[in-house]
Amino acid sequence: MGWRASTHSDKSTTTDLFEGPTPRHSLLSGRYKQSFAYLTLRTRMPGIMQQIIMRLLSDLPDLVNKYGEEVRKDVKQIVDAVERLKMELNRDRQFLLFHGAEPDKVEWNAFITEMPRPKKSFFRACWLHAECYLYRRIFSFFENSRHLQKYDCFDHLKKEDLMLSEVAMSALAKATRGLAKSFDAFSKLLRINLWGNHFEMQIGAFKFTEEDSKDDINVLVKVADIDRILLVDDTTLIWNCLVLASKSSGNRIVDFICDNGGFEFFTDMLLLEYMVDNNLATQVRLHVKAIPWYISDVTRADIEWTLDFLTGHRDECLSALGKKWTHLMNTQKIVIAPTSYFWTGPQPYFVMVESDIELYRMLTTSKLAIFKGDLNYRKLLGDFIWDSTEEFITCLRGFRPTNICALRTVKCEVVCGLSEGLADSLLKNDHNWMISGNYGVIQYTDSLKCSCALPGPDSSEKNTRMLGMVVPQSERSTLITNK
């Protein structure tokens, strides 16, 4: 979201690299020079770190005005630390333990200590481990400074992304008011949410005529051509899950594991607002990142800024929308879940039950957990090169605290659930289809019908709750048949 990749970097001197792509049934790794992991570690991450340095230096006058001359020492120390980290990455050095004020340093240090020594360096490690470690180290430099513990070096990018999306936001705000409770409306919102910034670019560039009503969601969907490259579509199953849940009494919670801020979060909220307004959920819990993460990932501060920005907007429809979303927050219809550093850890999600049992238990209380974006998808699948036809449920490796949905544009080699022969066909027509971000999946699986993974004396109660429901014949007409 605005960062430029560095185009040069000295050659690593310590790692034996392989010329080919990551082999099947292997973890993604920077060892393979034809992998997106290698490209990211060799060029993109050094470029991001250089941009962080430039951002800090450009902000220095404002920081001095705010904190005084002493902040110059903080900035110098952080710049030096980022430069050292670039050097460590370039030379494929071993991961270092954390020794500062990081709230999650115990968990990180335990993870690093338990890693096999040959896989403790940037290019030899699993890409997920190396990339998460880099972002965690970067923010640790700020956490251990005197004045800049809460400095978000990415916040300007998230804010600019939202401010530059006013045309698309205004059109969507008008077109989504008063949508009926229907599968058709839900599926359109789900697709708009999936494509995020693709949608914004197409709407922003389209020249509407007098016959094209910007207030009609069907017109916007046609303009964006949102179905053209959807490789897996389980929308029907997701709708049926929510409709079925709406037949039951009591709280019906949806957990939404967020991805990016900016315009993408705006489309998240349109979808979640629709679910609450139409009784598909009694409450939505937003799971955000505890620290600035992967450039554009949303934090609590980003959500607060977004609501303030919309509420004070000159566009009356956007202002009203901001006020409505603020009301939904104030009335607990949409809430920000308690902060968990698990979301910014290096672990795949199938170890959540061991690493963060309270977070896992929280997810078991919801009717549906929606995992948004490429990084969440990588963590669901363990950053592993599965066969492209392998079933989604298999690739989760037992991680099924509740019904699970993944909304993801394909940006790396991790993918599953495709029909036989589709991956080969795509490769013939688009050699870079796995990393282009031009293809998407909407995938779903039901929860495990028992809670055997959950330890504790209350497991029998949880078993009863998670057994699932038999749908009475009289209620089946409200569900959509999966054709």
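Guide: Helix 15 is mostly covered: of its 8 residues, 6 are buried. This is a predicted model, so every value here is computed from predicted atoms. The buried residues of helix 15 are L359, Y360, R361, M362, L363 and T364. Notice that the list includes R361 and T364.

Stay with Y360. Its ring pairs with the ring of F399. Where do Y360 and F399 lie? Y360 belongs to helix 15, residues 357-364. F399 is in the loop between helix 17 (392-395) and strand 6 (404-409). The partners are 39 residues apart in sequence, so the pair ties together separate parts of the chain. Are Y360 and F399 buried or exposed? Both are buried.

Other rings come next. The protein has 31 aromatic pairs in total. Take Y135 and W293 as one of them: their ring centres are 6.0 Å apart and their planes lie at 50°, so this pair is tilted. Y135 sits in helix 4, residues 127-143. W293 sits in the loop between strand 3 (283-287) and helix 12 (300-311). Those two positions are 158 residues apart, and the pair links these distant parts of the chain. Y135 and W293 are both buried.

Some rings join into a group. F95, F98, W108, F111, F122 and Y133 form a cluster linked by ring pairs. The charged end of R378 sits over the ring of W127, at 3.6 Å from the ring centre. R397 lies over the face of F384, with a distance of 5.5 Å to the ring centre.

Now turn to the nonpolar core. In soluble globular proteins, nonpolar side chains tend to be buried together. Here, the largest nonpolar core has 151 residues. Which residues have the most contacts inside it? They are F142, F186, F266 and L286. Helix 1, residues 36-67, gives this core its largest share, 12 residues. Two domains take part: domain 1 (26-151) and domain 2 (155-445) each supply at least three residues.

What about the cysteines? A search of the whole structure finds 0 disulfides. C405 is in no disulfide, and its nearest cysteine sulfur, that of C241, is 9.2 Å away. C405 is buried, with a relative accessible area of 0%. C153 has 4% relative accessibility, so C153 also counts as buried.

Strand 6 leads on to E413. E413 is in the loop between strand 6 and helix 18 (422-429). Is E413 buried or exposed? Its relative accessible area is 15%, so E413 is buried. Leave out its neighbours within four places in sequence, and E413 is in contact with L28, Q34, S35, F36, I385 and M434. E413 and W433 are 20 residues apart in sequence. In space, their C-alpha atoms are 9.2 Å apart.

Two backbone angles deserve a stop. H25 has a positive phi of about 60°, although it is not a glycine. H25 is found in the segment before helix 1. Its relative accessible area is 44%, so H25 is partly exposed. Q332 also has a positive phi, near 65°, and is a residue other than glycine. Q332 lies in the loop between helix 13 (316-330) and strand 4 (334-336). At 46% relative accessibility, Q332 counts as partly exposed.

Finally, step back to the whole protein. Its secondary structure comes to 19 helices and 7 strands. The protein has 483 residues, and buried residues make up 58% of them. Consider the contacts with a separation of 6 or more: residues 24 or more positions apart account for 78% of these. The pair of Y360 and F399, 39 residues apart, is one link between separate parts of the chain. And helix 15, where Y360 lies, is mostly covered.

Technical notes
Residues are numbered from 1 along each chain as its sequence is written. This is a predicted model: local features need pLDDT of at least 70, side-chain atom pairs count only at pLDDT 80 or more; totals for chains, interfaces and linings use all residues. Side-chain values use heavy atoms; hydrogens and water are left out. Rings of Phe, Tyr and Trp (its six-membered ring) pair if their centres lie within 6.5 Å; planes under 30 degrees apart count as stacked, over 60 as edge-to-face and the rest as tilted. Helices (H or I, at least four residues) and strands (E, at least two) are DSSP runs, numbered from the N terminus. Buried means under 20% relative accessible area, exposed over 50%, partly exposed in between (1.4 Å probe, protein chains only). A charge sits over a ring if NZ of Lys or CZ of Arg is within 6 Å of the ring centre and within 35 degrees of the ring normal. A nonpolar core is a set of buried Ala, Val, Leu, Ile, Met, Phe, Trp, Tyr and Cys residues joined through side-chain atoms within 4.5 Å. Domain bounds come from an automatic or database domain assignment. A disulfide is a pair of cysteine sulfur atoms within 2.5 Å. Contact means heavy atoms within 4.5 Å.
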